[in-house]
Amino acid sequence: MRIFSGMQPSGDLHLGNYLGALRQWVASQNPDAFYCVVDLHALTLPIEPATLARQRTELFATFLAAGLDPEVSTVFFQSDVAYHAQLNWLLECVVSFGELGRMTAFKEKAARAEGYRVGLFTYPVLMAGDILLYETEEVPVGDDQRQHLELCRDAAQRFNHRYGETFRVPRAVVPPVAARVMDLQEPTRKMSKSLSSPLGSIFLVDSPEAIARKVSRAVTDTDGEVRPDRERKPGLTNLLEIFASFEGSPVESVAERYTRYGDLKRDLSELVVSSLAPIRERYSELLAAPEHLAGLAARGAAAAAAVAGPVYQRAARAMGLG
Ligand code: AQP
């Protein structure tokens, strides 16, 4: 199964990234799967060069620490494969201004970024190209990426219609539980790398103490009944979903076991800490060997370019270039 997905190195990964996407990647990795640190996307918001340089390496290490195996699938940096930037331009001349203006992620981020960059507006096109370059069938992502995936599908179909059959049209694969992990302090907003409050996100690299503090301070409600209800009890439902996702059981069966919020929070803390401990440990080991990581990334980029190159050439020729 040809799979592609990516994450931007815009900060430490949180539980949403892990449960919504990365854990699915690990489960579905195969020799035909491509997992990418989409570092060009991280330039859409202000970021210091030294911070980006550090964060992209850390994200690559996090992928491996979570269980991606570069001996099985292709793991690489987007900016190492120039076809991503090249196809972006071709697709910018296929996607319309109006379509991009409807993207909710853009509206949310632009509202918070003073004098936002053109790239913040156009990055869904770059993302569409990331996916189309690999003749992708499935894109494992969290729920927040559905709209961008639809844009990608529309762009592929329009291109094929206008210039002849060129791209495979991909589909999103979203997990059944925890597809949208919410901020622990503002549970009507998704947990985010760049926009969350300090206690709102649990990061994969958080210490056990930090995790316990964040879970115990998570916003719930006052009716005291342990049952899932996204509308009326978003905070509690979020905790139940995180629990169910880590445990691999239905949300209702977790809720049935508890009568008190405090007990649920205590057990959830323990579950999150024990589930993330091996990832934290492996992450530190990997970061201690940067040359090894660089070697793996170079191999990944060569393998990715071998697939992306012919697809880019095909698209360029279809448009009358080359
Ligand atoms: N809260 C979430 N719940 C479930 N899945 C989520 N994802 C992101 N937030 C949640 C999924 O993780 C992957 C990360 O993609 P990205 O790096 O492009 O980041 P993003 O979707 O823009 O959101 P982030 O991680 O919070 O970063 P910032 O704050 O920088 O925008 C995707 O598969 C996404 O669906």
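A residue counts as buried when its relative accessible area is under 20%. In this predicted model, Phe106 falls on that side of the cut-off, with a relative accessible area of 8%. Phe121 is buried too, at 12% relative accessibility.

The model holds 14 aromatic pairs, and Phe106 with Phe121 is one of them: the ring centres sit 4.9 Å apart and the planes lie at 75°, so the contact is edge-to-face. It ties together distant parts of the chain, since Phe106 belongs to helix α5 and Phe121 to helix α6, 15 residues apart. Elsewhere among the aromatics, one cluster is made up of Phe4, Phe34, Phe76 and Tyr134.

A kink of about 35° is centred on Pro124.

The largest pocket comes out at a volume of about 910 Å³. Its lining runs to 44 residues, and those nearest the centre are Gln8, Asn17, Asp144, Gln145 and Lys190. Helix α6 turns up here again: along with β1 (3-7), α1 (15-28), α5 (104-112) and α7 (146-163), α6 (118-132) supplies at least two residues of that lining. Sorted by class, the lining of the largest pocket splits into 16 nonpolar, 17 polar and eleven charged residues.

Key: Residues are numbered from 1 along each chain as its sequence is written. This is a predicted model: local features need pLDDT of at least 70, side-chain atom pairs count only at pLDDT 80 or more; totals for chains, interfaces and linings use all residues. Side-chain values use heavy atoms; hydrogens and water are left out. On a 1 Å grid over the protein atoms alone, a cavity is a set of points where a 1.4 Å probe fits but cannot get out, and a pocket is an open set with protein on both sides within 12 Å along at least five of seven lines; lining residues have an atom within 4 Å of a point. Grid points are joined across faces, edges and corners, and a volume is the space filled by probe spheres set on the points. Helices (H or I, at least four residues) and strands (E, at least two) are DSSP runs, numbered from the N terminus. Ala, Val, Leu, Ile, Met, Phe, Trp, Tyr, Cys and Pro count as nonpolar, Asp, Glu, Lys and Arg as charged, and the others, Gly among them, as polar. The bend at a residue is the angle between axes fitted to the seven residues ending there and the seven starting there. Rings of Phe, Tyr and Trp (its six-membered ring) pair if their centres lie within 6.5 Å; planes under 30 degrees apart count as stacked, over 60 as edge-to-face and the rest as tilted. Buried means under 20% relative accessible area, exposed over 50%, partly exposed in between (1.4 Å probe, protein chains only).
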